[in-house]
Amino acid sequence: MKGFEGYKKGVNLGGWLSQCDYTKEHMDSFITEADFKAIAELGADHVRIPFDYNILEDAEGTFKESGFKYIDGALELCEKYHLNAVLDLHKAAGFSFDKGEMENGFFENDFLQERFYSLWEEMAFRYGHLHERTAFELLNEVTEQRYGKIWNGIVNKCISRIRVLAPKTVILVGSYWNNSPAAVKDLDPPFDDKIVYNCHCYDPLIYTHQGAGWVDTIDRTVRIDYEQSGWSKEKFAEAFSEAIRFAEENNTSLYCGEYGVIDRTVPEDALKWFKDINSVFEEYNISRCAWSCKGMDFGLLDKRMEKVLPELKKYL
């Protein structure tokens, strides 16, 4: 499969400019230069930077320079540590993968969609010239299948507007069921030759999200090791197979923008999961970005992972 050059393996900066309390104190301190340095030392070639629309806009949709300064600073540190960047809109006005955010109406409301287009036009204006080291991810984790056709239309309209200002920037597009690999096949063919298909993988959820308070589809009291989950590299290959086929048919690349294991697991056991999924990434030339740098229940650089980090870096 065609490779996504410069984005072979990365680490998410989750919880910094998204899924946070939005205070200046938090945004000034949660991710620091030391984190960019540590990620580069893991052998990563990029970071994914989730950001929410309200970091960059006020309630009326007016852009906030104070928010863009965090993106600017992150891209400067990426350049310093030879890291590329994916700028990921994690929450849009009217939509979030997290129902608790109470963002509703995006797929039915022309005004909210126009805010979405305008925000991406502003991103293209500001960062399109950095196309050799910066990619755009239009929206994180579209949820319901019923949005699929509407989403395809929004994607094509948004890209056409971005292209006026950023003709060379790679744009990542994911599908419904929270960027499920199985839903990639229902995306439209790529708008142009700078589109990459995007997916996420936390299979099997009973292992990667065991004990997660926000998941109501599994028994939160159950604790299992990787072997008990019944998963394997063959099952990972099967999970990605349709997305791989569709990317190959459309002569584009596949990017797994999130994958990881919750901190309720034993780090040495989680290594087995990372090793198996990595074998499939390598075999099929799938680019990827692990979730997440620190905290967020998945922190790769958290103290609990110190003993296994030298081994883990082989399987990112």
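**Aromatic rings and a buried isoleucine**

Let's start with phenylalanine 106: at 1% relative accessibility, this residue counts as buried, because the cut-off for buried is under 20%. Keep in mind that this is a predicted model.

**Aromatic rings**
- The structure holds 23 aromatic pairs.
- One of them joins phenylalanine 106 and phenylalanine 116, which sit edge-to-face, 5.2 Å centre to centre and with 70 degrees between the planes.
- Phenylalanine 106 is in the loop between strand E4 (95–96) and helix H5 (110–127), while phenylalanine 116 is in helix H5, so this pair ties together parts that are 10 residues apart in sequence.
- Phenylalanine 116 is buried too, with a relative accessible area of 3%.
- Both rings belong to one aromatic cluster, made up of Phe95, Phe106, Phe107, Phe116, Tyr117, Tyr147 and Trp151.

**Charges over rings**
- Arginine 126 lies over the face of phenylalanine 68, at 3.7 Å from the ring centre.
- Over the face of phenylalanine 30 you'll find lysine 294, at 5.7 Å from the ring centre.

**Isoleucine 277**
- You'll find isoleucine 277 in helix H11, which covers residues 267–284.
- This isoleucine is buried, with a relative accessible area of 0%.
- Leaving aside residues up to four places away in sequence, isoleucine 277 touches Cys201, Phe236, Phe240 and Tyr259.
- Between isoleucine 277 and glycine 148 there are 129 residues in sequence and 27 Å in space, going C-alpha to C-alpha.

Definitions and conventions: Residues are numbered from 1 along each chain as its sequence is written. This is a predicted model: local features need pLDDT of at least 70, side-chain atom pairs count only at pLDDT 80 or more; totals for chains, interfaces and linings use all residues. Side-chain values use heavy atoms; hydrogens and water are left out. Helices (H or I, at least four residues) and strands (E, at least two) are DSSP runs, numbered from the N terminus. Buried means under 20% relative accessible area, exposed over 50%, partly exposed in between (1.4 Å probe, protein chains only). Contact means heavy atoms within 4.5 Å. Rings of Phe, Tyr and Trp (its six-membered ring) pair if their centres lie within 6.5 Å; planes under 30 degrees apart count as stacked, over 60 as edge-to-face and the rest as tilted. A charge sits over a ring if NZ of Lys or CZ of Arg is within 6 Å of the ring centre and within 35 degrees of the ring normal.
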